[in-house]
Amino acid sequence: MEKIISLSKRRGFIFPGSELYGGLANAWDYGPLGAQLKKNIKDEWWRWFVERRADMVGIDAALLMNSKVWEASGHLKEFSDPLVECKGCHNRFRADQIDVGVPCAVCGGSKGFTEKVNFNLMLKTYLGPAEDSAHVAYFRPELAQAMFVNFKNIIETMRKRLPFGIASQGKAFRNEITPGNFIFRTREFDLMEFEYFIRESEWEKHFEYWLSEMKHWLKHLGINEKNLRFVEIPDGERAHYSKRTIDVEYLYPFGQKELYGLAYRTDFDLKNHMEKSGEDVRYLDPETQEKFLPHVIEPTFGLDRSVLAAMLEAYNEEDAPTAEEGETEKRVVMKFPIWMAPIKVAFLPLSKKEELTRIAKSIYEEISKVYVSEYDETQSIGRRYRRQDEIGTPFCVTVDFDSINDKKVTVRNRDTMKQDRIPIADVSSFLKEKLI
Ligand code: GAP
């Protein structure tokens, strides 16, 4: 983890939040490369699960919703974690994450812990100038409710028949008791999830189908199967709305913990919204004229955890040959899948001489219209390669003095370090073939 955190800071992926003012505990800002990496994963997910599927539609809903939504969904009552407080130092912990029979991990004291209480995770604010109960609002702790409260709008406008899904991506907020482990658990995070509406009788079939689709996505994300565990969550430990849950857990350096989740939410949410709002949100089967509440399978994907797992998987340290015969040095390389790499190609003139920079810049200007590219003419070529390896750029194009006469450049492959000499006129088609 330390290596990933340090690389993130050093190379511009992720910085501590509010760093200038001493930081804000467990808040992180994505820098230029992290923002691009995160965007690539988010966009790919949208293409994969929404755009390419006839049975899915997407929405982009407000973060703040009417508080009645959270009453109906059960979040105001049930969305809590068990909390205990050390009687010595008054630090607070999640009761399910510590052993209350041993000394406090913070102060080392043995005064013991308070009885556990349920601490609600909803992040509260006030809308408008009056801070009273009539103006309380909550930041959404999940995206799902936006899909449920828009279900009626979608069936009335989008001509979808069961089974079909509604997907969304965006920020969620939880007043976590113990955030930590870099971007693993924060109070503000990005989620990607969808609600897949089905007939009750078919829930098991759809549950299995989405489990296997989640596995395909994980493979696409570059996650090694051996680092994944699919954990059946037993009765009594599932979220209040779920009849069956499988947690997709990942072997992070700090332990086996949740990456994604798959839940069978039954008709719990739609039923409650229908009851509490008084609106009929039932689905009308156009063939049988039967009206009923669909059931729901929900695959959910934490975006920040996707970034973390993808970075952990991509991180490699290798022995690479140096310029000196027979000598090697350590090379750090982020082997992101090509579609995910923040920068696809870097243009590196061997010297700052105008004859070379002119050629390199003109190819860069052409290629950067199509692929996210970098132009870099500072420092030695060895250092520039090292930087591009550490940020996971699949191809580096170098322009040297021979390029002036032979009109060729060298293309270096990130993973194999193999160098191909190709005509400048072919750079575009070469990249097009490799950067599918
Ligand atoms: N709508 C279902 C739902 O919200 P969840 O398991 O509570 O389910 C979904 O959360 C996903 O959000 C998790 O699988 C995880 O990837 C991510 N997640 C949850 N809490 C998080 C936090 N505090 N920081 C970062 N990601 C978090």
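Let's start with helix H13, residues 427–434, where the buried residues are Val427, Phe430 and Leu431. Buried here means under 20% relative accessible area, exposed is over 50%, and partly exposed is in between, with a 1.4 Å probe and protein chains only. Helices are DSSP runs of H or I with at least four residues, strands are runs of E with at least two, and both are numbered from the N terminus. Looking down the axis of H13, the buried residues fall within an arc of 95 degrees, so they line one face of the helix. That arc is taken from the directions running from the helix axis to the C-beta atoms. On the face turned away from the buried side, H13 carries the exposed residues Lys432 and Glu433.

Before I go on, a word on where this comes from. This is a predicted model, in which local features need pLDDT of at least 70 and side-chain atom pairs count only at pLDDT 80 or more, while totals for chains, interfaces and linings use all residues. Residues are numbered from 1 along each chain as its sequence is written, and side-chain values use heavy atoms, with hydrogens and water left out.

Okay, the whole chain. We've got 13 helices and 24 strands, and of the 436 residues, 48% count as buried. The C-alpha trace spans about 75 × 65 × 50 Å along its principal axes.

Now helix H7, residues 203–220. Its 18 residues reach 26 Å from the first C-alpha to the last, close to the 26 Å expected at 1.5 Å a residue; that expected span is 1.5 Å times one less than the number of residues. Buried residues in H7 include Trp203, Trp210 and Trp217, along with His206 and Glu213. Down the axis, the buried residues of H7 fall within an arc of 170 degrees, so they line one face of this helix too. Lys205 and Lys219 are exposed on the face turned away from that buried side. Just after H7, glycine 222 takes a positive phi of about 85 degrees.

So what lines the largest pocket? There are 49 lining residues, and Asp81, Arg94, Arg174, Asp247 and Glu258 lie nearest the centre. Strand S14 gives the largest share of the lining, eight residues. By type, the lining divides into 16 nonpolar, 13 polar and 20 charged. For that count, Asp, Glu, Lys and Arg are charged, Ala, Val, Leu, Ile, Met, Phe, Trp, Tyr, Cys and Pro are nonpolar, and the others, Gly among them, are polar. A pocket, on a 1 Å grid over the protein atoms alone, is an open set of points where a 1.4 Å probe fits, with protein on both sides within 12 Å along at least five of seven lines, and lining residues have an atom within 4 Å of a point.

A few backbone details next. The peptide bond from leucine 162 to proline 163 is cis, with omega near -5 degrees, and proline 163 is in the loop between helix H6 and strand S10. Serine 18 has a positive phi of about 50 degrees although it is not a glycine; serine 18 is partly exposed, at 39% relative accessible area.

Last stop, aspartate 406, in helix H12. Aspartate 406 is partly exposed, with a relative accessible area of 34%. Its side chain and that of arginine 421 are joined by a polar contact of 3.1 Å. A polar contact is a pair of N or O atoms within 3.5 Å; within protein, one must be able to donate a hydrogen and the other to accept it, and residues adjacent in sequence count only if both atoms are side-chain atoms.
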